Structures are given as structure tokens and as C-alpha cells.
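Me: Could you walk me through how to read a few features of a protein model? I would like the general idea and then the case at hand.

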Amino acid sequence: MFKLFTTGFWEVIARLILRNRIAILITIGLITVALGSQWKNMRFTYTEANLLPDDHEVNVTYNEFLKIFGEEGNLIVLGVKDSSLFTVEKLNAWNRLSEDFKSYDEVDAVLSIKDLQKLVKNTDKQKFELEPFIKDSIESLDQITILEKELFEQYPFYDNFLFNKNTKTVRTAIYLKKDIVNTSARKDFIIDVLEQKIEAFENANNLDVRVSGMPYIRTLNAQNIVDEIGLFVGAALLVTSLIFFFFFRSFRATFISLIVVSIGVMWTLGIIGFLNYEITVLTALIPPLIIVIGIPNCIFLINKYQNEVKSHGNKVKSLQRVVTKIGNATLMTNVTTASGFATFMLTESTLLKEFGVVASLSILAIFMLCLLIIPIIYSFMPFPKDRHLEHLNKRWIGGFVNWMERMVKERKITIYFSAVILLIVSMIGIFQIKVSGSLIEDMPKNQEFFQDIRFFESEFNGIMPLEIMVDTKRKKGVMKLSTLKRMNELEELIDEIPELSRPVSVVSLVKYSKQAYYNGNPKYYQLPTSQENSFILSYAKNSSSEANLLKSFVDSTGQYARITTFMKDIGTDKMERIEEDLQAKIDKVFPKENYNVTITGKALVFQKGTTYLVKNLAISLSLAIFLISLFMAYMFRSFRMILISLIPNLLPLIITAGLMGYLGVPIKPSTILVFSIAFGISVDDTIHFLAKYRQELQANHWKIRKSVYAALRETGVSMFYTSIVLFFGFSVFTISSFGGTVALGALVSATLLFAMLSNLLLLPSLLLSLERSIANKEVLKEPSINIIPEEDDENLKD
């Protein structure tokens, strides 16, 4: 199949492009309109990124929990830490604000201080009843004093739930309806209702209200992703066009390139809409990514056209040679880049699969657009003026090329020594890399909602839910005293872990019931004895009030119970240790023949997802290296050349990994992408260099030295141009407010800079040092794909 990609084949393509210019432009326009119509199908994600495969054990356990207890991430919390809140006017205003939210369809329940109920014993009816702490409204400071004493000293059931008795921080819990938590209705309520009402309350009462909870965090986080797409696209266009203009000093060439990459961005958004994918933190990166990758294509094509025009002055011949001589090279480099992204399609993670599909299709699309649009637009334009070609004679570029040639000629030992030192130092750094599975680490730290997360961590030990589900394997098994005692033993361990909040479960309710049975005496807030249990249960069975409280903690059959705690933002290492401690306690306390106890929750799912991705990083990168090696093998038909080409591309990856260790940049979902992306892009320079090198070998009768220097001079400028564009293009991502995106941009930029130097210095040095091993035609056989066709002296016809 690849035999088709010969000079003759590309000559046919060139003639087809130039003879059907209007038809091709109309076709591109129609495709652009068609893909533009798919934008309406784009939707922004309303859930956290699930990094695990759907059938992964952790996902299966979590979905089983949701099936029994419903969506866990439906809690929004409002908090105030201000002593002035405990005044008649402000406390009533706080209660009215909470009461107001109950009228909205999106809200399932609201719990504020006014909603708190005392569980009291009715001896006559032998049942428990609920009695409000505040009957109507607060009328005096004496009432507030009594309320504080009751809440902070007499009723431990509510401690650390709606208040922190040590700091006097008060909060309100708003439970959204579970069926709207993962829909656009959640966003509409939070942006249009919740934030507006809170702002009005703050202005009226001079109080600072903190807001958090998974629905709120997810909404504002998703909104930041949406806002940054336009920012990235604009910044990428600005930076790459400025660099492009700096190199070419031509408004015409710059404008043409911007047209091409802008259409590429429109196609990318259309592909996302056509495939009905969500805009996630990863797919949001693809539009600016296409700009950054598309501009180097434009550089190669426009640079070739201007070189041809300067060489022989024939415009038509120049345009045909742009296609015949650069077509294969840009095809192969774009295919290798797309392959680096396509390896993500082979993972089991839906998030990464979608990213891989859209990125690889978009890269191939931008290649087609560059190859079709640039020659066609230039065919309609007048012959380039001398000022358009001045950049071809830049002295500083010549000086840079001379420096590279001098280094390769005279300083090979220095180059090798530097590479080995960098390798050793980087390997030491790699062992210092940590893994991070934090759900909020990459969120914008300058945003108010991130500061609120830290506030609730400080006051209530976190907002990320961690759930433990207890399956008693029989109906009504939860309320057995033996089960409650086992759960209580586990809760005592959770209470001792500083990273976790005080657990809430049916155990707390049973303790509260015993306290109520003893007329509210706080010293009886404990599990009942076997003798007490029968009396207390008889009261509980007669109480509809207790049944309402119970349904949050126990399923309708009484077989399943949940223990809910909230976790601080901690690293993967700590999370794993906590999980091990909990599991050890579970194994000890709950006999497996009678109980099935599982740890789950969004925090755990995300942490497990990160661990899963790290394990698959080696597979993804190995696949990228393998696929690209296959391309190299088919192009050059030389095993030794494959090894020589891989060394200068693997070294930058190792250096970057070492930098991550030294700079404390952890392995996480965002930084995992760096290696496959950077390898897929950096190997393009190697392909260009080796293709030109092989051609020079044939022209120079297999004289290695002469061929290496000629290839270095010929490709060095283009490699420098494209690497600089890529470096500054990826640097655009460092303006993001998301820590992961910043790390991705900085690391890929650094890797590509190392890769450029490696390909311009280490690669030619290796070729010269291994001169005897590769200086024969058997090592460099006639390639299956002629990347750079040989000069054809016959003038190409129009």
C-alpha cells in the first residue's frame, strides 16, 4: 500500500489540487459548514472525569453503592465563621436564607440550625418524637444562649455536622435532587439562584459566606474549563502568529496560516459534536493543540514554496514541488504525531479514549487542510516580492547552523558526556517522582471556590465523600446490636484518622435514640446494652420520625448500611495508607461469611483512577514507541537506524521525568499525557533529518560525513523554526488556572526543546560515530516510502 506514496503519486496529487482549486475550496467550505452544524451537539461535562474503565472493580462497587443509596455527591454546604452571626437579626436572616432554598424544585432538602430536631421520648405513647430547637424565629439573645448550650454541649449527634463547637463555625446543608445532579439543571440552579441569593445575603448582613460541596465545585470547575477554551485558542493564535511573522516577516504568509489553523479548530469542534463527546478538561486542550501542531505544517510548506521560487522563479513549478516534495514528509510526521495521541484510544479509560480519537482525527485533518489550502491560495496570489523572501538569508540562522555543525564536528565527546550526565542525573530524579490522586489538586487555586474548599477542610475535615457500605447479607441485619457494635468499632478508627471527618451512620442515630430514651442526658450518647436495646427498639418501631432519619443511613430492606465520612485533599500515598488501615480493621471486625464491607466514594474512585493510569502509562508510551518504530522501519528498512533514531527521542523524555522528580511535579492524569504527546511530536524532527540524510547519502556516494553535514544544514533551520513554534505554542497552556494544564504545557515545551537539541546534536553525532556500522547500502536499503523525493530536472507541467 505504501508503495503508492512515490514521487509519481504526489505529482498526480499536485496536479489534482492545482487543477481543481475552486472545487476543493468549495468542498472544504461545505465540510466546514457541515461540521459547524454539529457544534450544537457539543456538551460540557457535568460529572468528574472517571479515569477507570466502566467494568473496573472499583467502578462496579461504586455503581452498586449508587444503586442502593442514590447519588452521593448531591450536597452543597454554606458556612459562616463570624461571631456576629449569633445575633437575633443575623441568625434569623441566616435561617430565612436556608428556608428560601426549600421552595426550589431542584432542592430535595435543606438542613440548617432552624431545621435541627431534638429526639424526645413520649412515655405515654411509647415512641420517639421530633421537637425543633427553634420553633418559629429567634426573639432574644437569651434564646441564642440556650441554643448554643444545647447544640454545642448537650447533643453530640449534630456535632461537626452543622456546626463546629470549637470555632463556632455554622453551616447549612442543601441536598439537591439526585436526578438533576449530573445535568445542566444543576448548573442553572447554582449560577442563577444560589450565587445570586448568597451575594444578596452577604451584602445585606455584612457576612462572608463560604460555599462548597461536590455539585458546587464541579459546576464552577466546568465553567472555568469552558472559559479557558476561548482563552487558549486566542493565546495560541496570537503567540504562534507572532513567531511565524518574526520568522517570515510576511503578513500574507501569517494570514494564510491563521486561516488554515482556524478552519482546523472549527473542524475539531465539529468532530467533538459529531461524535457526541463531552467537553472535558482534556478535550478542551485539543483546539489550541491543533493550532500549535498546524503552524509547523504551514512553516514547512510555505518555506518550501519560497525556497523554490527563489531558486528558479517558476511559480507553478514551485507550487507543484511543495506538494511532491513536502507532501510525503508532512504526511509521515503528522501520522507519527497522530499515532502518539492514538495510543490513548487503546486504554480502557473513556476519558482518554475520547481524547485520543478527537486529537488523532484532528491532526490528520489539519494536515489535509494545510496541504490543500496553502498551495491553492498561493496559486491565486501574485509572485512573491523580494521582501517576502528576505528571511531566507538571515545571518543569525546561518550562525546557528554553523554552531551546530561545529559542535558535531569538534565536540562529539562533549555532546556524549553531557547526554550521559543528564541521563544519570535524570534517573536519580525519576526515583523522587510521587503519584497524586487528589480530586482538587489541579483546580484553579486563585478561585474563591478553591479557598472555600480549604476553609471547610480546616473547619470540618474536608468535603470529599468517602463511603463504607456494609452488606449484612440478610434483611434487617443492620439493626442487630452485634452489627451496630462492629460498625461502631470501625467508626472509632475513622475518628482517630486526622484526614477524615467524624463519621455519620445509623450508629449515631441509635446512640441518639438511647440519649433520648434517657431524657436527653448527653452521657447516654452511646450504644445500648442488650437489655436496653429491646426497650429502645420498641420505641423506635412506633416512631415515624426515626424512620425518616433512618432512611439516609439504611436501605429500605435493612440489609445495607452506609458509613459516611469526608476526606481532606490528600495525596495518593496517604490515601492508600488510610485505605489499608480501614481494610485491616474491616477484615478483623467483620467476618467475611456474615458481612461484605466495601470502601467506595468519589474520592476513592478518583485516586484509584490515577493509580490505574500510572500503571497504563508504560503501556501507552511503549505502544507509541512501537508504532513509530514501525513507521521508521517501513520508511528506512534499517533496524540500526531505528535504534539510532530512538535514542535522541527517548533521552528528552527521561530528562523531563527527572525534572518532574526534582521540581516536585507529581504523576497525575494531566502530566501522564506529556510523554506520549511529546514523543509523537519530537520524532517528527528525526524523520525529517534521517530522510534528508538518506537522500544525501545517495547523492554523495555513501559518504557519511559529507551527508550528515549536508542534512544538518538543510533541515536545521526548519527544525529550529518548528521547535520554537511548538515550544512557545505549548507554553500557552501555562496561562491556565488549572495546575495540571500548566504542568502539561511547561513539561511538553521543555521536552520538545530538549528533543530539538538532541536531534540536532546527538543524532548527527551518533551517525558519525557509527559510521562504519551504517556506511553501506545494506543498512540503508531503498525505503518503502520516499519521504523526500529526489530532484527531478525535468520541469513539472502545469
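Predicted model: local features only at pLDDT ≥ 70, side-chain atom pairs only at ≥ 80, totals over all residues.

Me: Let's begin with the helix. How many residues does α3 have, and what length does it reach?

Reply: Helices here are DSSP runs of H or I with at least four residues, strands are runs of E with at least two, and both are numbered from the N terminus. The expected span of a helix is 1.5 Å times one less than its number of residues. Helix α3 covers residues 57–69, so 13 residues, and reaches 18 Å from its first C-alpha to its last, close to the 18 Å expected.

Me: Which residues of α3 are buried?

Reply: Buried means under 20% relative accessible area, exposed means over 50%, and partly exposed lies in between (1.4 Å probe, protein chains only). An α-helix has 3.6 residues a turn, so residues three or four places apart point the same way. In α3 the buried residues are V58, N59, T61, Y62, F65 and F69. They cover an arc of only 160° around the axis, which puts them on the same side of α3; the arc is taken from the directions from the helix axis to the C-beta atoms. The face turned away from that buried side carries the exposed residues E57 and K67.

Me: What follows α3?

Reply: G70 follows α3, and its phi is positive, near 85°.

Me: On to the sheet. In what order do its three strands stand?

Reply: Strands of a sheet pair through backbone hydrogen bonds, either parallel or antiparallel. Two strands count as paired if DSSP finds at least two bridges between them. Here the order is β11-β10-β12, an open sheet with antiparallel pairing. β11 (560–567) and β12 stand at the edges with a single partner strand each, so one side of each is left without a neighbour in the sheet. The twist averages 15° from one strand to the next, using axes that are lines fitted to C-alpha atoms (for helices over the stretch in contact) and angles that run from 0 to 180 degrees between N-to-C directions.

Me: How many bridges join β10 to β11, and how many join β10 to β12?

Reply: Eight bridges join β10 to β11, and I468 stands opposite I563 there. Five bridges join β10 (residues 464–471) to β12. On that side, M469 has T598 as its bridge partner, and D471 has N596.

Me: Now the rings. How many aromatic pairs does the structure hold?

Reply: Rings of Phe, Tyr and Trp (its six-membered ring) pair if their centres lie within 6.5 Å; planes under 30 degrees apart count as stacked, over 60 as edge-to-face, and the rest as tilted. The structure holds 15 aromatic pairs. F590 and Y595 have ring centres 5.3 Å apart and planes at 80°, so this pair is edge-to-face. F590 is buried at 2% relative accessibility, and Y595 is buried at 8%. F101, Y104 and F189 form one aromatic cluster.

Me: Last, the loops. What is phi of N206?

Reply: Most residues other than glycine have a negative phi, and most peptide bonds are trans. Phi of N206 is positive, near 55°. N206 is found in the loop between α6 (184–205) and β8 (210–212), and is exposed at 66% relative accessibility. Phi of N519 is positive too, near 60°; N519 lies in the loop between α17 (506–517) and α18 (530–541).

Notes. Residues numbered from 1 in each chain as written. Heavy atoms only, no water.
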